[in-house]
Amino acid sequence: MILINYIVAICLIALGLYVMCAKRELIKIVIGMGIMDYGINMLIVSIGFHENGTAPIYTLSDIINGNLSFFVDPIPQALTLTSIVIGACVDAMALSLVIMLKRRYKTTDADEIRRLNG
Amino acid sequence: MSNFYVHFPVISVMGLFLAAFLVEIFGNKNKHVRYAISLIACLGAAAMTFYLIVPVFFRGEVISYWMGGWKPEGGYAFGIGYEIDGLGLFFGLLTALTFLMSVLFSRRYMERDGHLGHYYTLFLMLAGSVLGLVFTGDVFNLFIMIEIMTFASVALTAFRHGKHPEALEGAFKYLVLGSIGSSLFLLGVALLYLTTHTLNMAQIAALISSKGMQPTTLLAFGTMLAGLAVKSFVVPFHTPAADAYATAPASVSTLFSGMVNKAGIYGIIRLTYILFRTMDKESLMLLLSILGALTMFVGVTMALAQHDFKRLLAFHSISQIGYVLMAVGLGTNLGLYGGLFHAMNHTLFKGLLFLTAGAVYYATGTTNLDKLGGLAKRMPRTTACFLVGAFAISGIPPFNGFASKWIIYQAAYEKANLSGNFIYVIITVTALLVSVMTLASFIKVTGAVFFGQAPATLEKTKEVPFGMQLPMFIMSALCIACGLFYNQTIVYVVNPAVNAVTNPAKYVDTMMGEGYAFANGIGPQPTTFTSVSIWDPVFWLLLFVIVTCAVTLVAVSGARERGPVSLPEKTDSKHATFFGCEESLHSHVGGSDLFWGFKKDLKGYFKVMGNLHSGKTNDYALWVVIGVTLITLFTFVFLS
């Protein structure tokens, strides 16, 4: 049973959203974005999982012996890899923006970075 | 080789991405090389997209292309497919036109900035991603394109951080909120894969149609819709748009309003009309129409309170997107005609307005309304173009904005009549009122920027070079042409897109093989072309009465209560004849009373809205989370 995976995934997503809404420190907001991404990645991997499934690879001997067992869905894994790469890019970009903001605004507190308002 | 054009979509998308890297490799030193690469890539992609008009619009074909030749096997689509139907091509054309105009404008507009190699790299990636987004037939590919689009947009927003540190702030907010939107979309894609085990849009549409809506599918629909709503900057999610449009270079703002938020609208139409086919549900129509009406009202009222030219235009952009969403959300054929036509017109006139804002910035170095004035004599051509755009967005005949808004009013009115739901009456009135307020706001801008007395600092302002005028002229010409020949535009450009939306069977069949749609319960629907009669005199009269009443009521009651006039600091006897509520606004346009009336009447409202738009990232994130939760819950509860 992989119900625990789904629960953990939803908890991570909710935690990430909470961090983004509640934490004023920019670095923490970026961490929140990361946590949300991890939750979604976990969910996608869990979707492709089958109990007792094997790796989605057939060797030549498997095919000759007719040993074609049930394997896990490979597409969600490919999606997760892509999503991880994208998540890393988002984090890198967000952190570089935080560095620039720190230089120009002399703070990383979201409450003080609000020249654009109204 | 009769159908060589099936390769055009993928070549145009890949060409733009390839050029992005070529610019980075070869164009960092030599400005001619990098501009040549960018221009050729944009021209090539635009030419190929425009060529597709012949097969898709005129002959009614749906073009499909499988990456690497991985065609469906045994009724399951494995490969990544590109599929271009009328709807995709319609938005593809808007995209191509926008980036073409913007790249023409960029050559002179961006010449004073450094690191232009990076600018063109990001520019081409943004163009390629949006084109890929509208052409793709694969949900996950759609997500990837959304992410590339967000990256490129964020980086371009922050491009002028050297001169304007606020750009960094706008970019950061855009990235945080945008990432919530794309993460939600990905969540939806994952849930959709859980129930259908495919990522191909045509097959998903067929499978959902045959299996019916399960709870997981509903949840997937809710999260995807919410994610796309974040991407199209519908009201609780509009805050990053205002910040990003205002701080990005004007050529980029043109891209944002012309393609980036259109991409979100395209996604919503594709999702609701074709992928899940949920537009027959009355509750969803209500949700989308109310969201649209809210968006147009909040957008236009926030625009009234702005002091920055581009931030004001940004709020108008949000407001016009509200019109599109409302019309599309009505779920009627007339609504679709109006919504898609308005989306097209919005690309034209809002692109034009952002270009003129860029021209003003280029010539004066500021976009602050309080520091501008009297540019009409010094920049006559820019002023003329701006007036065309301002008339079009305010919905004054014979410009294009009028034709599409008129259809939208009719559609909302018709919907109120058919359904007997009072909310649609309110929505119709809101649409009319917002149009009047748009006019009021543009009277203010015209007065503040182009007429009145020029401040001493702007005495030596000159007209912008021809390279910047050309795209503005083209856009103005298109605005007027689409307004004068609205009927032809609807028949030849909008009609194929509407037909594609109302006939999903063809979309599915082209991708999955003949008969696949019918086997899964998507029957061939008759093409329903209702001729659009926008000059119905009864409607004319009704509109006229309502607008006049609204204007008189709001403006006159506010103007009467106007407080004592406070003169600018340097008391000048000339200024005494001008109205002086807002300091150093050297405008003497009498019609400005309209604007002041609104501002006075809605004083409490403006205060609340100003406090709500606090500028804090956390607050905006909270808005997004609440909005997203509400949309998801609504779809889950009312659509099952």
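Of the 640 residues of chain B, 61% count as buried. Buried here requires 20 or more other C-beta atoms within 10 Å of a residue's own, exposed 12 or fewer, and partly exposed anything in between, with C-beta atoms placed from the backbone. The model is predicted: local features need pLDDT of at least 70, side-chain atom pairs count only at pLDDT 80 or more, and totals for chains, interfaces and linings use all residues. Residues are numbered from 1 along each chain as its sequence is written, while chains are lettered from A and ligands numbered from 1 in the order in which they are written.

Chain B holds 25 helices and two strands. These are DSSP runs, numbered from the N terminus: H or I of at least four residues for helices, E of at least two for strands. Among contacts in chain B between residues at least 6 apart in sequence, 79% join residues at least 24 apart. A contact needs C-beta atoms, placed from the backbone, within 7 Å.

**Interface with chain A**

On the chain B side, 36 residues are in contact with 35 residues of chain A. Four helices of chain B each supply at least two residues to that side: H6 (139–157), H7 (166–196), H10 (239–247) and H25 (617–638). H7(B) gives the most, with 15 residues. By class, the side of chain B that touches chain A has 21 nonpolar, 10 polar and five charged residues. Nonpolar covers Ala, Val, Leu, Ile, Met, Phe, Trp, Tyr, Cys and Pro; charged covers Asp, Glu, Lys and Arg; the others, Gly among them, are polar.

H10(B) is mostly covered, with nine of its nine residues buried. Among them are Thr239(B), Asp243(B) and Tyr245(B). The buried residues of H10(B) pack against H6, H7, H11 (250–275), H13 (309–329) and H25 of chain B.

Phe237(B) sits in the loop between H9 (215–231) and H10 of chain B. Phe237(B) counts as buried because it has 28 C-beta neighbours inside 10 Å. Leaving out residues up to four places away in sequence, Phe237(B) touches Leu177(B), Ala229(B), Val230(B), Val624(B) and Gly627(B). Phe237(B) and Gly178(B) are 59 residues apart in sequence, yet 9.2 Å apart in space, C-alpha to C-alpha.

**Two helix pairs**

Axes are lines fitted to C-alpha atoms, for helices over the stretch in contact, and angles run from 0 to 180 degrees between N-to-C directions.

| Pair | Axis separation | Angle |
|---|---|---|
| H4(B) (86–109) and H18(B) (466–484) | within 7 Å | roughly 155° |
| H12(B) (282–304) and H13(B) | 7 Å | about 160° |

H4(B) is therefore roughly antiparallel to H18(B). H12(B) and H13(B) are likewise roughly antiparallel to each other. The term applies over 145 degrees; under 35 is roughly parallel, 65 to 115 roughly perpendicular, and the rest oblique.

H4(B) passes H18(B) in a left-handed crossing. Residues making the contact include Met101(B), Leu104(B) and Phe105(B) of H4(B), and Leu470(B), Pro471(B) and Ile474(B) of H18(B). That contact has nine nonpolar, one polar and two charged residues.

The crossing of H12(B) and H13(B) is left-handed. Left-handed means that the near helix is turned anticlockwise from the far one by less than a right angle; clockwise is right-handed. Contact residues include Met285(B), Leu288(B) and Gly292(B) of H12(B), and Phe315(B), Ile318(B) and Gly322(B) of H13(B). By class, the contact of H12(B) with H13(B) has 16 nonpolar, eight polar and no charged residues.

Notes: Contact = placed C-beta atoms within 7 Å.
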